[in-house]
Amino acid sequence: MSRRTLVLLSAILVVSISSAACGGNASQTASGGDSTAGPTSPTTIILGAYTTPREAYGQLIPIFQQQWRTQTGQDVIFEESYLGSGAQSRAIVEGFEADVTALSLEADVTRIQQAGLITHDWQDNPTNGMVSDSIVAFAVRKGNPKGIDDWADLAKPGVQILTPNPKTSGGAMWNVLALYGAALRGYVEGVPANDEAAALDFLKAVLKNVTVMDKGARESITNFEKGVGDVAITYENEVLVAQMQGEDYDLIIPRSTILIENPIAVIDAHVDKHGSRAAAEAFVQFLLSRPAQEIFARHGLRSVDPAVAQATADQYPPVEDLFTIAYFGGWHAATPAIFGDDGVFTRALVDVQSK
Amino acid sequence: MTLQPGRLGKTPRERWPRPVDWRRRWLRRALVTVVLLYVGILIVAPIAGLVAGALAQGLGPVLATFRDPQVQKAFGLTLRISLLVVAIQAVFGTAVAWMLVRDDFRGKKFINGLIDLPFAVSPVVVGYMLLLLFGRQGLFAPVLQTLDMRVAFAVPGMALATLFVTLPFMIRELVPILQAFGVQQEQAAATLGASGWTTFRRITLPALRWGFIYGVTLTLARALGEFGAVLVIGGGIQGRTETATLYIYRALDERQYVAAYSAALALGLFSLLLVLGTELLRRREESRQ
């Protein structure tokens, strides 16, 4: 009996070790094959993206794969990873070898650039390095039972708010900038324009109502869909995509909000190492083309192509007071001033949490 | 086999003493109700919810989930990492447990304490610790670069992370058994002329059998379910470093709820069968003796 059990155990051990080893070998030979490949064998593009545009990429990637095959006769395989923008940016800096990165905000690409992985001027193109736009908006329950129409309503007692964590999520940073900017610009009742102290108090009042801070924008909105909270501050495109997928809640656009500009960049160090530069650059070019921009627009994103933006204007209502990151002096100024250790948001959060 | 140690080591089932008065009977009923409610709310209800969620649109979408090559890859990767980790822990766990009980060396207490560390550290932190070592700016980065080896954002890093979080299980199963078993039988074997290896193979190992099996079961179950550490060190690259748990997380993000629930159910059922199978094996052996 005991001998039989021993035989059984050792058999399990042998099988598991060999299967694990075989698996390892198989993947090694596969990757070895890639690097020594000729031009007609498949190439791979690793896409490191933020969480929100995944449905758009799900439709765009197959179209590009077909285009590339007809143009070059080569198959291109995609490996995709979707994390919160900040988390994705840090993963790439730590060694995740993405060929193309599509993030929520410029500062997250700048981090990769400063790590020495992007060596070209990625903003030197007609869209200034951006691939899509959006705005910060609210998702509220069907029929807006809590009457949340603008920023000021978020500070009302008893309103439960979802917004992601700015430490990991780019969308969360846009949310804070939109809220604080709207207050500074005089679009919040009771907060005089350009009154930093009053704007800070308003930020604190809203943060007090925040019940959940998720890792990424997508997680935040799906938690809202599961019944948490009264309002989710989020990308306009998150709400539009959810509505396309049959989720039943309302989109509210505040009078004043920030224009979200999402960058895309080829990562030089990785495409050169993988030999995937040609395909990766063609992919980015494709994403900026008119057909691709139309697909982005169908997935709730505002187009960076003026012609497409004009053609889809009826789906994307204008905002009374639309400002950009330039209002805060660009990301290099906004990041420390708002999110740094002594930044406005950091101080407000510490203050709210200590109470 | 004279000794039957193990976590479910049993004394003959004790019968509740004859009820002395009605109060005791009520107390007992109340306690049983509390236990049933506790287990029901904590374990049965979530599993039932998962089953309901997976079958919300019938069996078709559930089966379609497992035909998806990305799902198959994710489960395949989970299985590969888990089996590798179990194999390593089986060998080294046994060795470490044996050293801790049978040997005396400087720093033994320190090692003994360190082994429980993975219980205390959050898996996400484990992932970041490994990134600090194996990341692009990590301590070992120059070595890895010259060898052209990839650990972070690749399978070896994920296996390392899983090894870390599963370290205590094997050892903590084996140490008490080795202590209870004592050295007399081993010494007896030695006086009869058995070599060290023969003694280990014929005396020690059979005594360890059940601890070994439970250790393997727990290690495997833990490895299958690991999430935070493999997410941080692996990056969740679809089709490459996406394990079953990471696939479930992604499917939820993509609002593919049936796929997420189906995959979660499959993973849960596998672990359940594993534990039940071990228990069944043990019952059979007990009844045979």
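**Figure 1. The interface of chain B and chain A.** Together, chain B and chain A bury about 3300 Å². Carbon and sulfur atoms carry 56% of that area. Three residues, Arg136(B), Asp253(B) and Arg255(B), supply 22% of the area that chain B buries against chain A, more than any other three residues. The model is predicted. Chain A brings 46 residues to the contact, and chain B brings 33 residues.

Figure 2. Arg255(B) forms a salt bridge with Glu225(A). Their closest N and O atoms are 2.7 Å apart. Polar contacts across the interface of chain B and chain A link 12 residue pairs, both partners at pLDDT 80 or more.

**Figure 3. The side of chain B that touches chain A.** Four helices of chain B each give two or more residues to this side: H3 (69-102), H10 (196-225), H12 (244-253) and H13 (257-288). H10(B) gives the largest share, 7 residues. By residue class, this side of chain B divides into 15 nonpolar, 13 charged and 5 polar residues.

**Figure 4. Chain A as a whole.** Chain A has 14 helices and 10 strands. Of its 355 residues, 56% are buried. Among contacts in chain A with a separation of 6 or more, 75% come from residues 24 or more positions apart.

**Figure 5. Surroundings of Glu97(A).** Glu97(A) sits in a loop of chain A, between helix H3 (85-93) and strand E3 (100-102). Its relative accessible area is 12%, so Glu97(A) falls under the 20% cut-off and is buried. The side chain of Glu97(A) makes a polar contact of 2.7 Å with the side chain of Lys273(A). Another polar contact, at 2.9 Å, joins the side chains of Glu97(A) and His274(A). Leaving out residues up to four places away in sequence, Glu97(A) touches Lys273(A) and His274(A), along with Ile46(A), His270(A) and, from chain B, Arg150(B).

**Figure 6. Helix H10 of chain A.** Helix H10(A) covers residues 277-288, 12 residues in total. From first C-alpha to last, H10(A) reaches 17 Å. That is close to the 16 Å expected at 1.5 Å a residue. The buried residues of H10(A) are Ala279(A), Ala280(A), Phe283(A), Val284(A), Phe286(A), Leu287(A) and Leu288(A).

Notes: Residues numbered from 1 in each chain as written. Chains lettered and ligands numbered in written order. Predicted model: local features only at pLDDT ≥ 70, side-chain atom pairs only at ≥ 80, totals over all residues. Heavy atoms only, no water. Expected span 1.5 Å × (residues − 1). Buried < 20%, exposed > 50% of the residue type's maximum accessible area, 1.4 Å probe, protein only. Contact = heavy atoms within 4.5 Å. Buried area = accessible area lost by both parts, 1.4 Å probe. Salt bridge = Lys/Arg side-chain N within 4 Å of Asp/Glu carboxyl O. Polar contact = N/O pair within 3.5 Å; in protein donor to acceptor, adjacent residues only side chain to side chain. Nonpolar A, V, L, I, M, F, W, Y, C, P; charged D, E, K, R; others polar.
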